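Please read the numbered points with the sequence and the model at hand.

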Number of protein chains: 2
Amino acid sequence: MRYFLGIVVLAVFAGSAAADPLPSWQDGETKSRIIDFVSDVTNPGSDNYVTPPDRIAVFDNDGTLWSEKPVYFQLLYALDRLEEMAAKDPTILSSDVLKAAAAGDMDRVAKSGEEGLLEIVMVSHSGLSVPEFQADVARWIETARHPTKNLAYTDMTYQPMLELLRYLRDEGFETYLVSGGGIHFMRAFVEAAYGVPPENVIGSAGKTRYEVVDGVPTILKDPGIAFIDDKAGKPIGIDSKIGKRPIFIGGNSDGDFEMLEWATAGDGPSLGLIVHHTDGEREWAYDRDSHVGKLVRGLDEADARGWLLVDMAEDWKRVWSGSSN
Amino acid sequence: MRYFLGIVVLAVFAGSAAADPLPSWQDGETKSRIIDFVSDVTNPGSDNYVTPPDRIAVFDNDGTLWSEKPVYFQLLYALDRLEEMAAKDPTILSSDVLKAAAAGDMDRVAKSGEEGLLEIVMVSHSGLSVPEFQADVARWIETARHPTKNLAYTDMTYQPMLELLRYLRDEGFETYLVSGGGIHFMRAFVEAAYGVPPENVIGSAGKTRYEVVDGVPTILKDPGIAFIDDKAGKPIGIDSKIGKRPIFIGGNSDGDFEMLEWATAGDGPSLGLIVHHTDGEREWAYDRDSHVGKLVRGLDEADARGWLLVDMAEDWKRVWSGSSN
């Protein structure tokens with residue numbers, strides 16, 4: 001009986017080792033480079049072996065793990081929430097850009113630039129406790145649909161990247177998000193969507209305040225920005241929250257450049273990866289001229305720096321997790 | 001042979017289950033409350049069962065996991081470093097308090113208040129890259145000795161608390177530091193001293209800057225404070241970095257009050273613990289009137305709030321990890 005059990009166990013292990021960890025990636029150079037890197041750093045006999053505590057993998061979110069068109073999904077949430085808030089109290093729309101946002105006037109919002117976007121996010125994301133806010137985001141994520149694709153937003157996560165996250169965790173990596181998106185917004189859905197727990201979310205953060213409200217100790221979301229996790233903010237955020245240099249780094253825009261530059265400059269092995277949006281048929285094709293997810297330096301310098309450019313059209317058999325194409 | 005191996009394995013497990021996880025704690029109510037709490041929340045049959053991902057334990061550092069007299073050890077490091085910096089470049093001593101600090105005039109430093117201390121920390125902790133700074137702290141921790149006890153600082157960590165950290169981790173808890181001390185300072189030694197990895201360190205933080213210096217991507221420590229992890233800053237820091245409410249909370253001063261208040265106010269089970277410095281013979285006895293580690297509200301309200309007051313003189317068989325008493 002014991003002998004028989006032994007055979008069963010071996011068969012199961014052999015089966016799992018032979019299975020393709022990245023079934024939605026086309027066989028070819030891109031996929032091979034990922035698997036070769038992971039096999040190398042997890043092989044105790046390799047010069048590039050990395051012990052599990054130092055197997056840190058970081059990923060941008062918008063445009064890297066899910067879509068970001070026509071604008072960041074968090075902005076679409078902000079507009080919906082602003083409309084609801086204004087229905088209860090129209091006086092919160094204290095500026096032209098807030099009025100345009102609540103009316104869904106995207107042209108006017110887009111023209112307001114970064115300053116206008118920050119105002120929209122600050123007003124729409126404050127005034128609730130953290131648990132209330134996250135419950136509101138969770139409800140929105142559950143019910144809202146993308147304006148042109150009509151898919152739930154969590155169905156617009158990238159199936160190949162979900163497989164990559166799981167593959168890395170299976171190989172002893174700790175996976176983190178390092179996103180310009182807000183920490184409280186992301187924490188409402190990333191564990192279910194990506195298997196990334198709340199403590200592994202690094203992101204932009206609004207100001208918060210601790211207060212005992214009617215006897216209940218509460219953390220309240222205030223207006224105002226505490227940290228912007230973009231560009232040079234990304235290595236700074238990683239240093240502040242993790243305190244280690246990641247060895248696997250995924251991004252898609254020049255907002256990820258400094259994170260890739262810093263993390264791939266260490267002495268040890270590292271793999272930097274840029275998701276290049278080349279697929280205008282299944283998703284959107286954009287890079288140098290896009291307002292959202294602009295990619296110029298990353299495209300120009302990826303080869304020289306040894307970063308892996310992922311060609312979505314060529315390298316991915318399938319794009320979204322919740323759609324068949 | 002297989003049968004024989006089975007017996008050996010069982011014997012080892014039985015032995016480890018019967019062993020006392022907290023041998024340096026006196027048997028009695030304090031120790032029982034800790035063990036009862038941990039047994040309860042890790043028992044799948046209990047109404048208070050908590051799944052491993054939510055077994056979050058947080059600990060203050062100064063006065064909770066190691067001593068803090070005559071002043072926070074980080075300040076002693078700052079004074080030593082300031083003296084070294086001034087020997088190379090006396091012009092950095094641009095104020096009276098900096099001059100007093102470099103000369104080791106503790107009275108004058110103490111009288112400068114919080115503003116003076118911040119100035120000392122900011123000047124002494126900036127101008128290096130993060131890895132350079134951490135290497136300097138590691139060298140100091142290795143070589144420096146306490147001014148009156150003549151012990152290495154890491155020998156002044158509390159043996160009973162080291163056992164508690166290990167016990168919690170053995171029972172599936174994730175252990176974090178939540179300290180007013182600086183993140184880069186603590187990361188230089190806490191993994192070796194406490195088994196707490198860099199990513200589980202929450203603390204105060206100076207400003208940092210990302211820059212490519214002579215072709216090398218570098219994170220530099222700047223003067224200026226980015227975050228003070230004390231009082232209401234502690235629940236805010238925990239929310240920002242972990243995003244979960246801890247269920248085991250250890251502190252020793254009123255700087256930990258809000259963290260204890262917030263974390264023990266949840267619906268689920270929680271245990272708040274305050275290390276009370278009652279042992280003037282083996283360590284130092286202080287609470288209400290101490291400049292460092294002042295404890296007033298915590299002492300007055302612990303009973304009513306159900307927090308466990310640890311009486312160092314009564315509850316601990318031994319105090320320091322690197323000393324026999």
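Where do Arg305(A) and Glu301(A) lie, and how many residues apart are they?

1. Both residues belong to helix 13 of chain A, which spans residues 297-305, and they are four residues apart, about one turn of the helix. The model is a predicted one. In it, Arg305(A) and Glu301(A) form a salt bridge whose closest N and O atoms are 2.8 Å apart. Arg305(A) is partly exposed, with a relative accessible area of 34%, and Glu301(A) is partly exposed as well, at 22%. The pair belongs to a network of salt bridges that links Glu261(A), Arg297(A), Glu301(A) and Arg305(A). Over all chains, the structure holds 30 salt bridges.

2. A further salt bridge joins the side chains of Lys234(A) and Asp60(A), at 2.9 Å from N to O. This pair links distant parts of the chain: Lys234(A) is in helix 11 of chain A, Asp60(A) is in the loop between strand 1 (56-59) and helix 3 (73-88), and 174 residues separate them. Is Lys234(A) buried or exposed? Lys234(A) has a relative accessible area of 1% and is therefore buried, the limit being under 20%. Asp60(A) counts as buried too, at 5% relative accessibility.

3. Asp60(A) is also one of the residues in contact with Asn252(A), neighbours within four places in sequence being left aside. Others among them are Asp62(A), Gly63(A), Thr64(A), Tyr286(A) and Leu295(A). Asn252(A) is placed in the loop between strand 5 (248-251) and helix 12 of chain A. With a relative accessible area of 2%, Asn252(A) is buried. Its side chain makes a polar contact of 2.9 Å with the side chain of Glu68(A).

4. Chain A is superposed on chain B by a rotation of 180° with 0.0 Å of shift along the axis, and the RMSD is 0.0 Å. The two copies are thus related as by a two-fold rotation axis. Within chain A, the C-alpha nearest that axis is the one of Lys241(A), at 3.4 Å.

5. How many residues of chain A are in contact with chain B? There are 27, and they meet 27 residues of chain B. Since 100% of the interface residues of chain A are also interface residues in chain B, the copies meet through the same surface. The two chains bury about 2,500 Å² between them, with 57% of it on carbon and sulfur atoms. Glu199(A), Tyr210(A) and Asp239(A) supply 23% of the area that chain A buries against chain B, more than any other three residues.

6. Twelve residue pairs are in polar contact across the interface of chain A and chain B. Helix 11 of chain A gives the most to the side of chain A that touches chain B, with five residues. By class, this side of chain A has 14 nonpolar, four polar and nine charged residues.

7. Two salt bridges are counted between chain A and chain B. In one of them, the side chains of Glu199(A) and Lys244(B) meet at 3.2 Å, N to O. Glu199(B) forms a salt bridge with Lys244(A), with 3.1 Å between the closest N and O atoms. This pair crosses from the loop between helix 10 (190-194) and strand 3 (201-213) of chain B to the loop between helix 11 and strand 5 of chain A. Lys244(A) is buried, with a relative accessible area of 11%.

Technical notes
Residues are numbered from 1 along each chain as its sequence is written. Chains are lettered from A and ligands numbered from 1 in the order in which they are written. This is a predicted model: local features need pLDDT of at least 70, side-chain atom pairs count only at pLDDT 80 or more; totals for chains, interfaces and linings use all residues. Side-chain values use heavy atoms; hydrogens and water are left out. Copies are superposed by least squares on the C-alpha atoms of residues with pLDDT of at least 70 in both. Contact means heavy atoms within 4.5 Å. Buried area is the accessible area (1.4 Å probe) that two parts lose on being put together, summed over both. A salt bridge is a side-chain nitrogen of Lys or Arg within 4 Å of a carboxyl oxygen of Asp or Glu. A polar contact is a pair of N or O atoms within 3.5 Å; within protein, one must be able to donate a hydrogen and the other to accept it, and residues adjacent in sequence count only if both atoms are side-chain atoms. Helices (H or I, at least four residues) and strands (E, at least two) are DSSP runs, numbered from the N terminus. Ala, Val, Leu, Ile, Met, Phe, Trp, Tyr, Cys and Pro count as nonpolar, Asp, Glu, Lys and Arg as charged, and the others, Gly among them, as polar. Buried means under 20% relative accessible area, exposed over 50%, partly exposed in between (1.4 Å probe, protein chains only).
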